[in-house]
Amino acid sequence: MDYGYPRNDRLVNQAKDPQALAAIKQKIIGHKTGKVILYAPTWRDDYFIRKGMYKMNLPFSLSKVVNALGKDDVLIIRPHYLVAESINIHGFEAQVKVCVDEDIDDLYLISDLLITDYSSVMFDYAILNRPMLFYPYDLAHYQGDIRGFYFDYDKVPGPVVTNELDFVSALEQFLSQGNYPAYAAKMTAFRQQFTTWEKGTASERVVALMEAEANKKAVKVTEPS
């Protein structure tokens, strides 16, 4: 059915409500000013301390990222819950937050930039038509040894950087310009391919379909033999 995902209705509809966005930002960040950068990498199940215990090392220096941020800007790190406790943000708590339990939609809605690598968050975030930065620092290993890809990674709708120097440079470009104009055409093509069904009415349409089907069955049951 070409309805879109019911779970994405909120992204479509609430993104148009500045007051709601400000309230979410106040709740999670503690203030309404400044940019929010969301780092949401994919889950890497091959990086573990021992069986059942995983860890995550940030592929960038927090000090370099915080130095690039404005005084009211915030970096949100959204890790897999199994590695959240291994992330050390000591000394940077004023501008860096690890958000594990928050609704991911809330994080999308208040973010000005998504940084990811191979995660499917890129498809949901594209609904908002906001810039994305791709940091696949282990590209060859991930593609060849872990999971690989099911679509052409060269078509992701934003800059692709594979080392910390280029990553910080691309982040600084966004912070100064607010966008990645050179990737506008890729974003348009990406949204055309993956988000055109998202109209904000999927839940309503699915429920209406379920009710219609239920009514058909009820009519058949009550028909005289």
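User: What should I know about the values first?
Analyst: The model is predicted, so local features need pLDDT of at least 70 and side-chain atom pairs count only at pLDDT 80 or more, while totals for chains, interfaces and linings use all residues. Residues are numbered from 1 along each chain as its sequence is written, and side-chain values use heavy atoms, with hydrogens and water left out.

User: How do you know that the span of H2 agrees with its number of residues?
Analyst: Helices (H or I, at least four residues) and strands (E, at least two) are DSSP runs, numbered from the N terminus. The expected span is 1.5 Å times one less than the number of residues. For the 12 residues of H2 (residues 18-29) that gives 16 Å, and the end C-alpha atoms are 16 Å apart, so the two agree.

User: Which residues of H2 are called buried?
Analyst: Buried means under 20% relative accessible area, exposed over 50%, partly exposed in between (1.4 Å probe, protein chains only). Ala20, Leu21, Ile24, Lys25, Ile28 and Ile29 are the buried residues of H2. They fall within an arc of 135 degrees (directions from the helix axis to the C-beta atoms), so they line one face of H2. Gln19 and Lys27 are exposed, on the face turned away from the buried side.

User: What makes E1 and E6 a pair?
Analyst: Two strands pair if DSSP finds at least two bridges between them. Three bridges join E1 to E6, which run parallel, so by that definition they pair. Leu38 stands opposite Leu114 in E6.
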